[in-house]
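Trainee: I'd like to learn how to read a structure like this one. Can we go through it together?

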Amino acid sequence: MGYRTVVMYTEIGCFVVCVAGWILVCSTQPTEIWTWSEVSSIVITSGNYYSNLWKDCVSDSTGVSDCKEIPSLMALNWDIHMCRALIIISIILAFFGSILVLVGMKCTKIGGSEITNAKVTFAGGMNYLIGGMCAMVAFSYYANKIRSEFHDPYYNEQKFEIGVGVFIGWGGSTLLVSGGLIYSVLAGREAFNSKPEKYSTTRYPDYTFVPSRRSYASSARTEITGTRKSRSSSRSSISAISSTTKQTPSNAYV
């Protein structure tokens with residue numbers, strides 16, 4: 001099994017993990033039990049109180065429950081607004097991360113080259129990672145607030161405990177962070193560590209000689225000097241022949 005095949009199956013597994021985490025984080029919004037508390041006597045429970053970021057609920061011993069949404073947004077504390085914003089940002093980032101990962105994965109072949117697909121996958125992994133961190137901060141802060149109020153001896157109001165919604169949110173945000181981190185490492189290594197090809201020590205690039213004006217002039221000069229030399233040599237040979245012909249008859253009469 002080659003490296004590309006291993007990366008492809010790893011990306012598919014991380015996609016399933018991240019989508020499962022995104023679904024879990026989304027499911028915490030309609031979940032009503034983020035905090036819960038019960039009012040009980042020695043024998044039976046007379047009532048249960050539970051709430052989440054959006055509404056408060058109460059149920060009696062007969063099982064009848066009634067929920068009331070928080071009436072005023074401006075009357076809420078800043079930490080509730082912060083948790084709401086972080087979770088919504090996490091859901092949006094994970095949604096766009098799923099789209100980017102579907103485009104850039106090796107098994108889909110929707111994008112362009114391998115480096116382009118790796119960059120798109122890296123962007124999707126970073127969306128998953130940042131979204132998971134946002135959700136983790138929101139759930140952890142909310143749970144820490146409940147814990148500090150429960151263990152505070154000077155807190156005189158009704159004390160609550162951590163509900164199932166926070167635990168589901170922790171699980172979903174952990175899946176998002178894990179899958180996004182693996183995506184970022186695999187795709188980032190392929191996208192940003194690719195180096196251009198270099199020539200070896202024994203390989204030389206091919207060059208094409210283009211003659212310039214100086215080369216043309218030098219070649220013309222050499223041709224002219226060559227013709228002059230040939231003419232001078234021919235003249236010298238002719239003069240030598242004529243001198244020999246003049247001396248021959250004079251010697252004959254002697």
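Trainee: How do the axes of helix H1 and helix H2 cross?

Mentor: Keep in mind that this is a predicted model. The axes of H1 (residues 3-27) and H2 (residues 78-104) come within 10 Å, crossing at roughly 155°. Angles over 145 degrees count as roughly antiparallel, so that is how H1 and H2 run relative to each other. The crossing of H1 past H2 is left-handed.

Trainee: Which residues in H1 meet H2?

Mentor: On the H1 side you'll find Phe15, Val19, Trp22, Val25 and Cys26. Their partners in H2 are Ile87, Ser90, Ile91, Ala94, Phe95, Ser98, Val101 and Leu102.

Trainee: What about disulfides: how many does a search of the whole structure find?

Mentor: The general idea is that a disulfide is a covalent bond between the sulfur atoms of two cysteines. Here the search turns up one. Cys57 is joined to Cys67, with an S to S distance of 2.0 Å. The link is right-handed, with 110° about the S-S bond. Cys57 sits in strand S3 (residues 55-60) and Cys67 in strand S4 (residues 65-69), so the pair ties together parts ten residues apart in sequence.

Trainee: Is Cys57 buried or exposed?

Mentor: Buried means under 20% relative accessible area, so Cys57, at 5%, counts as buried. Cys67, at 31%, is partly exposed.

Terms used
Residues numbered from 1 in each chain as written. Predicted model: local features only at pLDDT ≥ 70, side-chain atom pairs only at ≥ 80, totals over all residues. Heavy atoms only, no water. Axes fitted to C-alpha atoms, helices over the stretch in contact; angles between N-to-C directions. Helix = DSSP H or I, 4+ residues; strand = E, 2+ residues; numbered from the N terminus. Parallel < 35°, antiparallel > 145°, perpendicular 65-115°, else oblique. Left-handed = near helix turned anticlockwise from the far one by under 90°. Contact = heavy atoms within 4.5 Å. Disulfide = S-S within 2.5 Å. Buried < 20%, exposed > 50% of the residue type's maximum accessible area, 1.4 Å probe, protein only.
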